[in-house]
Amino acid sequence: MSTLTLGIVVIIYMFILAWLGYIGYKQTKNASDYLLGGRKVNPVIMALSYGATFISASAIVGFGGVAATFGMGIQWLCLLNMFMGVVIAFIIFGRNTRKLGEKYNARTFPQLLGLHYNSRAIQIFIAAIIFIGMPLYAAVVMKGGAVFIEQMFHIDLHLALLIFTLIVAAYVITGGIKGVLYTDALQAVIMFACMLFFYRVMDMGFIEANRKLTEIAPLVPERFKEVGHQGWTAMPVTGSPQWYTLVTSLILGVGIGCLAQPQLVVRFMMVESTKQLNRGVLIGCVFLIVTVGAIYHVGALSNLFFLKTEGVVASEAIKDMDKIIPLFIDRAMPEWFSAVFMLCILSASMSTLSAQFHTMGASFGADIFPELGHRKNANSTMGVRIGVLCSILVSYIICYTLSAGVIARGTALFMGICAATFLPAYFCSLFWKKATKEGALASLWTGALASLFAMLFLHKAEAGAVGLCNMLSGRDVLIDIYPWFAIDPILFALPLSIVAMVFTSLITYKKQEIRRY
């Protein structure tokens, strides 16, 4: 497809986004509107926004590349995302989160836990983790969108990244959460429709395609066989390095981590009633099955295309797994589908980024510096807008430091940190009356520090790249006995965080009971 045609398609798309962002801007009258949409968001819009925020370019480009390289074992993540990220999140977590948010009139995730535990320190700590840590995840998503634009338009990656960032910044800063929700809903519809047509465009029968994919298992590159790769329709060898990466990092890290994503949790506080949350369950499940399930399957099937056209499997045709899906779409799909799928990638990236930037801005302006801009107007959103701008700049800079093949890993890393740091305190705020402020603080600190320690000194994927452990001890990791250095930080940090929460709460709760009597 010509650059002119692609350009026209994108310009039309951007005008629609600008219009939706303008509607959000006009409907935003105060801080509550900017942060929570006035708690009167349509349940369908909320569910579509939740799904679009959940499925980013990292899921399509990054995890699709993982499927192309290592096979359909990643489909277990799709199943876990649907069960944990939608069914458990909406039915079990969502109901109590909405009630708790309404009870305390909380507008952000840090504020929700801070008010529940009656601790300003907890609110600031969670907001700081979000504002400092989430730019890594945002940078990963930004790279996913920019890489696809680079491949489709054949322009410099830096220029693609700049254009992409400016577009997202425009409607997040001006439109607030309503602008984010409206654009998310449109982007969710585009992603859903695009994936529905994927198999028809592939022109391949389901059974036939999987049979052919199974037959080419002997073509797995030797470097992947050494780490446990057994073919694109089989799980890696149990206990192999690839098995630990797939199961502990990608499947568990993202599958569990999605429950404690601040940008997702806050959506439960936007609707008026529990019944409206229930209506979103079916929408969320169908959305995830069609979008994520399709791209993981097609990612693995791309090996058949590259084998036919290039004579080698996908990972041999292009070494950077983050570029496999964009290259496959560009070469294998009809021109009209390439244009539509480009909008799908842009939609996935923009919906997730807009939610991330809004969440980081809220953490900065509503949680850490709530008085910023409030001297003249109590409903001012200036502090949040400044926070959004700062988070965009930081994420943009981090994006330049990311290495090849980092999209899926970076996503799993951040979600794992969120699970270890936030999940015990969040869960206990909803379901355990004996949870105390001291227990929550102990859990938050333990989860954050244990995650950081494991990444810097125990897990080889990060520790080897950072080099701090090597500088201090002369080894890439402190424990170089297999499989310890292959186990993801979440399996170290989350259990410790849970123990800290329960143990400290029980001790301090008993002391509080003694004082009462």
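Student: Is Phe125 buried or exposed in this predicted model?

Tutor: In this predicted model, Phe125 counts as buried, with a relative accessibility of 11%.

Student: Which ring does Phe125 pair with, and what is the geometry?

Tutor: A search of the whole structure returns 21 aromatic pairs. In one of them, Phe125 is paired with Trp445 in a tilted arrangement, at 4.6 Å centre to centre and with 50° between the planes.

Student: What about the accessibility of Trp445?

Tutor: Trp445 counts as partly exposed, at 45% relative accessibility.

Student: What is the geometry of the pair formed by Trp484 and Phe492?

Tutor: The pair of Trp484 and Phe492 is tilted, with 6.5 Å centre to centre and 35° between the planes. Trp484 is partly exposed, at a relative accessible area of 44%, and Phe492 also counts as partly exposed, at 21%.

Student: Why does Phe492 count as partly exposed at 21%?

Tutor: Buried requires under 20% relative accessible area, so Phe492, at 21%, counts as partly exposed.

Student: Which residues form an aromatic cluster?

Tutor: One aromatic cluster is made up of Phe93, Phe109, Phe422, Tyr426, Phe427 and Phe431.

Student: On to the nonpolar core: how many residues has the largest one, and which have the most contacts inside it?

Tutor: The largest nonpolar core has 136 residues. Those with the most contacts inside it are Ile74, Phe90, Tyr117, Phe341, Phe357 and Tyr426. Tyr426 is also a member of the aromatic cluster.

Student: What does Ile74 touch?

Tutor: Leaving aside residues up to four places away in sequence, Ile74 touches Phe63, Val66, Ala67, Leu246, Leu250 and Tyr296.

Student: Which charged end sits over the ring of Phe485?

Tutor: The charged end of Lys460 sits over the Phe485 ring, 5.3 Å from its centre. Likewise, the charged end of Arg223 is placed over the ring of Phe224, 4.4 Å from the centre of that ring.

Student: Last topic: where does Ile318 lie, and what does it touch?

Tutor: Ile318 lies in the loop between helix 15 (314-317) and helix 16 (324-332). Ile318 counts as buried, at 14% relative accessibility. Not counting residues up to four places away in sequence, Ile318 touches Lys323, Ile324 and Leu327.

Methods: Residues are numbered from 1 along each chain as its sequence is written. This is a predicted model: local features need pLDDT of at least 70, side-chain atom pairs count only at pLDDT 80 or more; totals for chains, interfaces and linings use all residues. Side-chain values use heavy atoms; hydrogens and water are left out. Rings of Phe, Tyr and Trp (its six-membered ring) pair if their centres lie within 6.5 Å; planes under 30 degrees apart count as stacked, over 60 as edge-to-face and the rest as tilted. Buried means under 20% relative accessible area, exposed over 50%, partly exposed in between (1.4 Å probe, protein chains only). A charge sits over a ring if NZ of Lys or CZ of Arg is within 6 Å of the ring centre and within 35 degrees of the ring normal. A nonpolar core is a set of buried Ala, Val, Leu, Ile, Met, Phe, Trp, Tyr and Cys residues joined through side-chain atoms within 4.5 Å. Contact means heavy atoms within 4.5 Å. Helices (H or I, at least four residues) and strands (E, at least two) are DSSP runs, numbered from the N terminus.
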